[in-house]
Amino acid sequence: MSPETPVLRFLLRLLSGFILVAAVVTAAFVAASRWWNPGPVSPERQVYNLLKSDAMAFLVTQRLTSQITVEVDESSLWLGSSRGTLTGIVRMYYGVDLEQLTPGSVHREGDVCVVDLPEPAVLDFAVDVGTLSFRTERSILQIVGDRLRGHDLRGDLQNRFRSAAEAYFREQELMPDRATLCARLTEHSESWSGRVGAEVRFR
């Protein structure tokens, strides 16, 4: 056997190793290229990305502030009067939580991108405790009865603030329904059509 044979074998193995490494690197480069360049973004995805941006929240969120008064009258013929009033400023955010949107919320119907919005709801509610004013008119028997029962008249009134505030804001038509919010977004989205390549509608 020639003395050069072991050297030749070593060189062949080295060459094979280089070829294998080159193949792996090439495959990784191709995969990375596809990942970094996924191709054109679909209109549905573009609309989804736009809706998830913070700039869109103002279109579907109402910030409501008002002074609310809650009253209760638990007067009794036998125990006497028990009336209470609690007044304070409340702050409420109402609208559609765009964070609930998923890619499946946006789909194509022909040439139109349709967005299914979540139901509008109260997103946040708070009472400014520094503005609270509590007034009460109770007989001695009512006071004793409340203490024995562990009844907190002020706490009971404060627990009613949210429902009272919602009723007031709805009465003042400050909490738009789903159809109103959809119309608002659809009107605003007219400027997107050229950018995303499709008409956008909300429902």
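The buried residues of helix H6 pack against strands S1, S2 and S5 (121–138) and against helix H5 (153–159). Contact here means heavy atoms within 4.5 Å. Helices (H or I, at least four residues) and strands (E, at least two) are DSSP runs, numbered from the N terminus.

This is a predicted model: local features need pLDDT of at least 70, side-chain atom pairs count only at pLDDT 80 or more, and totals for chains, interfaces and linings use all residues. Residues are numbered from 1 along each chain as its sequence is written, and side-chain values use heavy atoms, with hydrogens and water left out.

Look at H6 itself, residues 161–171. Its buried residues are Phe 161, Ala 165, Glu 166 and Phe 169. Buried means under 20% relative accessible area, exposed over 50%, partly exposed in between (1.4 Å probe, protein chains only). Seen down the axis of H6, these buried residues fall within an arc of 125°, so they line one face of the helix. The arc is that of the directions from the helix axis to the C-beta atoms. After H6 comes Glu 173, with a positive phi near 60°.

Now turn to strand S6, residues 199–202. Its side chains alternate. Val 200 and Phe 202 point to one face and are buried. Strand S4 (residues 112–115) runs parallel to S6, joined by four bridges. Two strands pair if DSSP finds at least two bridges between them. Val 112 has Glu 199 of S6 as its bridge partner.

Last, find the loop between S1 (61–73) and S2 (82–95). Trp 78 lies there. Trp 78 is exposed, with a relative accessible area of 72%.
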